[in-house]
Amino acid sequence: MQFQAAYLGVILIWTTTPLAIQWSSQGNSFLFAVTGRMVIGTLIALLLVWIFRLPMAWHQRARRTYLAAAIGIYGAMMAVYWSAQFIPSGWISVIFALTPIITGILAVRWLGETTLTPLKLVGMLLGIIGMATIFYSGEQLSDLAWIGVVGMVISVILHASSSVLVKKAGYGANGLVITTGGLLVSAPLYLLTWFLTGSEWPTSIPQRSAWSILYLGVIGSVLGFALYYFVLKHLGPTRVALITLITPVTALWLGHVFNGESIDVTVITGTAFILSGLGLYEWGERVVQQ
C-alpha cells in the first residue's frame with residue numbers, strides 16, 4: 001500500500017504541476033513565481049533534513065551531484081516557467097513525456113548504456129512526429145506558441161541531462177538530501193537572476209497565484225521529489241516510466257476542465273504519437289521478445 005500510495009501521489013503531483021505553474025504566474029511575473037517556489041522549497045527541504053537528521057555531505061562527489069541536480073531545478077524549471085507564458089498547461093506535460101527518450105540518448109553517450117535498437121529509433125521518430133504535430137497546432141493557436149514549444153524542448157533536454165549527470169556522479173544519498181543540495185545551489189541562482197533582471201516585488205498577489213506558489217514550493221518541489229525517489233528505489237525505472245504515459249492525458253484534461261484550454265484533433269493526434277513512441281521506446285523490445 002505504501003508503494004501504491006506513493007505512485008499515485010507522483011501521478012497526482014505531476015498532473016497538477018503544469019496547471020499550478022500557470023496559475024502561479026497570473027497577476028505577477030513568471031520569475032517571481034518560480035523564485036518564490038524555489039525559496040519556499042529550499043526552506044522546507046532544509047527543515048525536513050534537520051527533522052530527520054539526514055547528513056548533508058559536501059565532498060567532491062556530493063558537490064557534483066548537487067550541481068547536476070541544479071541543472072534540472074534551475075535550468076529546466078526556468079525554461080518551463082518561461083514557456084508556460086505561451087502554451088496551454090496541458091502541453092507542458094505532453095512535451096515533457098519525451099524525457100525518457102532524451103534521457104536514453106544521453107545515457108548512451110555519457111553512461112555507455114545499451115545502444116539504441118531499431119525499435120527505440122522508431123519510438124524516437126514517433127515522438128518527433130508528435131512534436132511536429134503539436135508545433136503545427138501551436139502555430140494555429142497563437143503567433144508565439146511555437147516559442148513555448150521550443151522552450152519546453154530545451155527544458156526536457158536540461159532535465160534529462162541533469163538526471164543522467166546525477167546518476168553519473170554516483171552519489172547514492174537519500175533523495176531528499178540530493179533535492180536539498182540541488183535547491184541550495186538553485187535558490188541563490190534564482191535570486192541572482194531576479195536581481196540582475198531588475199524584477200520588482202508585485203504590488204498585489206492574487207490569492208490563487210499565492211496558493212499555487214505555496215503548493216509548488218511544498219508539494220511540487222519537496223514532496224514530489226521525495227515520492228519519486230521512493231518509488232524509483234522500490235519499483236524500478238520501467239514501472240516508474242509508466243507515469244509519463246499517464247500524466248500527459250490527465251494534465252490535458254485538467255487544463256481543459258479548470259483552465260478552459262481547448263483540446264483539438266491536432267493536439268490529440270500529436271499526444272498519441274508521443275505516447276506511442278514512448279511506449280515503443282520503453283517496452284517494444286520486451287513485447288517482441290515475448
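How far apart are the mean positions of the positive and negative charges of the protein? In this predicted model, the mean position of the 13 positive charges and that of the 8 negative charges are 22 Å apart. The accessible surface of the protein amounts to about 14300 Å², and carbon and sulfur atoms account for 69% of that area.

The secondary structure consists of 12 helices, with zero strands, and the order along the sequence is accordingly α-α-α-α-α-α-α-α-α-α-α-α. The radius of gyration of the protein is 19 Å, close to the 19 Å that the globule rule gives for 290 residues, and the protein is therefore as compact as a globular protein of that length. The C-alpha trace spans about 50 × 45 × 40 Å along its principal axes. Of the 290 residues, 49% are buried, and among the contacts with a separation of 6 or more, 90% are made by residues 24 or more positions apart.

Helix 4, which covers residues 89–96, is largely enclosed by the rest of the structure, because seven of its eight residues are buried. The buried residues of this helix are Ser-89, Gly-90, Trp-91, Ile-92, Ser-93, Val-94 and Ile-95.

The aromatic side chains form six pairs under the ring-centre criterion of 6.5 Å. One of these is the edge-to-face pair of Tyr-66 and Tyr-171, with 6.3 Å from centre to centre and 75 degrees between the planes. Since Tyr-66 belongs to helix 3 (residues 60–83) and Tyr-171 to the loop between helix 7 (145–169) and helix 8 (175–196), this pair ties together parts that are 105 residues apart in sequence. Tyr-66 is buried, with a relative accessible area of 1%, and Tyr-171, at 16% relative accessibility, also counts as buried because the cut-off lies at 20%.

Helix 3 and helix 8 are also joined by a pair between Tyr-74 and Tyr-190, which is edge-to-face as well, with a centre-to-centre distance of 4.8 Å and an angle of 65 degrees between the planes. Because Tyr-74 lies in helix 3 and Tyr-190 in helix 8, the parts tied together here are 116 residues apart in sequence. In this pair Tyr-74 is partly exposed, with a relative accessible area of 22%, whereas Tyr-190 is buried, at 0% relative accessibility. Elsewhere among the aromatic residues, ring pairs link Phe-32, Trp-194 and Trp-201 into a cluster.

Definitions and conventions
Residues are numbered from 1 along each chain as its sequence is written. This is a predicted model: local features need pLDDT of at least 70, side-chain atom pairs count only at pLDDT 80 or more; totals for chains, interfaces and linings use all residues. Side-chain values use heavy atoms; hydrogens and water are left out. Helices (H or I, at least four residues) and strands (E, at least two) are DSSP runs, numbered from the N terminus. The radius of gyration is taken over C-alpha atoms; the globule rule is 2.2 Å times the number of residues to the power 0.38. Buried means under 20% relative accessible area, exposed over 50%, partly exposed in between (1.4 Å probe, protein chains only). Contact means heavy atoms within 4.5 Å. Accessible areas come from the Shrake-Rupley method with a 1.4 Å probe; for residues, only the protein chains shown count as cover. Lys and Arg count as positive and Asp and Glu as negative; His and the chain ends are not counted. The place of a charge is taken as NZ of Lys, CZ of Arg, CG of Asp or CD of Glu. Rings of Phe, Tyr and Trp (its six-membered ring) pair if their centres lie within 6.5 Å; planes under 30 degrees apart count as stacked, over 60 as edge-to-face and the rest as tilted.
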